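Please look over the sequence and the model below before reading on.

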Amino acid sequence: MHLRARPFATSIAVAGLLAAACTSMAPAADSPTLDGTAWVLSSLPGRTLVPGTTATLQFEGGRAAGSDGCNRFSTSYAVDGATLKISPSGAMTQMACPPAIMEQARAVMASLQGASTYRVDAGQLQLVGADGAVVASFAPQSQALAGTSWRVTGYNNGRQAVVSVLTGTQLTMAFAADGRVSGSAGCNNYSGTYTASGSSLRFGPAAATRMMCAQPEGVMEQERQFLQALETVATVRQEGERAELRTADGALAVSLDKDAGR
């Protein structure tokens, strides 16, 4: 999936509709640093969020990036005290989603463009428009792994390429509270240890059962490459229902989708 430069200005017209639906509120003084934080959309005033959609927002190194619930975006932002300016120019993917999701996505982007200040109230990030109305609220993105289960969507094959999981196979990861990780490597089950602290993540050597699977073709090679990819992991970043495990130099090692209900 590629990002292509595209202005966000087409979404700005929706900001006025959002502001009109909001109750006027004065900005609060609680405006902690945004850099290094990640959030999940919890409400758009005057709207009921489309079930099954997840919009996200993260701030890092002067960049604001995430998903509007349909497409991914990346742009710059600037903060001065409680003042927040998210650039109207950036990059965005070009996927088409059902009309209701597309309409909500436009409202999400409009809320970002309509933000003049921000505050954190009861743990929620609130973006506030020029008229003092809250245009969007975001809940903090949990980075905890303990008690979560995931389905692998891609892994680094050791040849500087991230490849998809073979059709007819499933790679999984489950993180226990006692520091154990286990799952299916496509043919065999595996288990091992992990150590997580903040964004840092390391795996110990994994032990696997010793079955041999002939089908689908390449499943045993996939298993070997996946388990080797885990050994290279240095960091984790969760975003909505997705997570990326990356190497120390920032290369993607494993991509994950969270199992429903976990």
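Asn157 is a buried residue, because its relative accessible area is 10%, and buried here means under 20% relative accessible area, whereas exposed means over 50% and partly exposed lies in between, with a 1.4 Å probe and protein chains only. This is a predicted model, in which local features need pLDDT of at least 70 and side-chain atom pairs count only at pLDDT 80 or more, while totals for chains, interfaces and linings use all residues. Residues are numbered from 1 along each chain as its sequence is written, and side-chain values use heavy atoms, with hydrogens and water left out.

Asn157 sits in the loop between strand 10 (149–156) and strand 11 (162–164), where strands (E, at least two residues) and helices (H or I, at least four residues) are DSSP runs numbered from the N terminus. A polar atom of the Asn157 side chain lies 2.8 Å from the backbone nitrogen of Arg159. If neighbours within four places in sequence are left aside, Asn157 is in contact with Val163 and Gln225, contact meaning heavy atoms within 4.5 Å.

Strand 9 (residues 134–140) is largely enclosed by the rest of the structure, because five of its seven residues are buried. Strand 2 (residues 37–43) runs antiparallel to strand 9 and is joined to it by four bridges, and two strands are said to pair if DSSP finds at least two bridges between them. Strand 8 (residues 124–128) also pairs with strand 9 in the antiparallel sense, over four bridges. Ser137 of strand 9 is the bridge partner of Ser43, and Gln126 stands opposite Ser137 as well. Strand 8 and strand 9 form a hairpin with five residues between the strands, in which Gly132 takes a positive phi near 85°.

Phe175 counts as buried at 2% relative accessibility, and Tyr194 counts as buried at 11%. The rings of Phe175 and Phe203 form a tilted pair, because their centres are 6.2 Å apart and their planes lie at 40°. Phe203 lies in strand 15 (residues 200–203) and Phe175 in strand 12, so this pair ties together parts that are 28 residues apart in sequence. Phe203, at 14% relative accessibility, counts as buried.

Finally, consider the protein as a whole, which has three helices and 19 strands. Of its 262 residues, 45% count as buried. Among the contacts in the protein with a separation of 6 or more, 56% come from residues 24 or more positions apart.

How values were computed:
Phe/Tyr/Trp six-rings, centres within 6.5 Å; stacked < 30°, edge-to-face > 60°. Polar contact = N/O pair within 3.5 Å; in protein donor to acceptor, adjacent residues only side chain to side chain.
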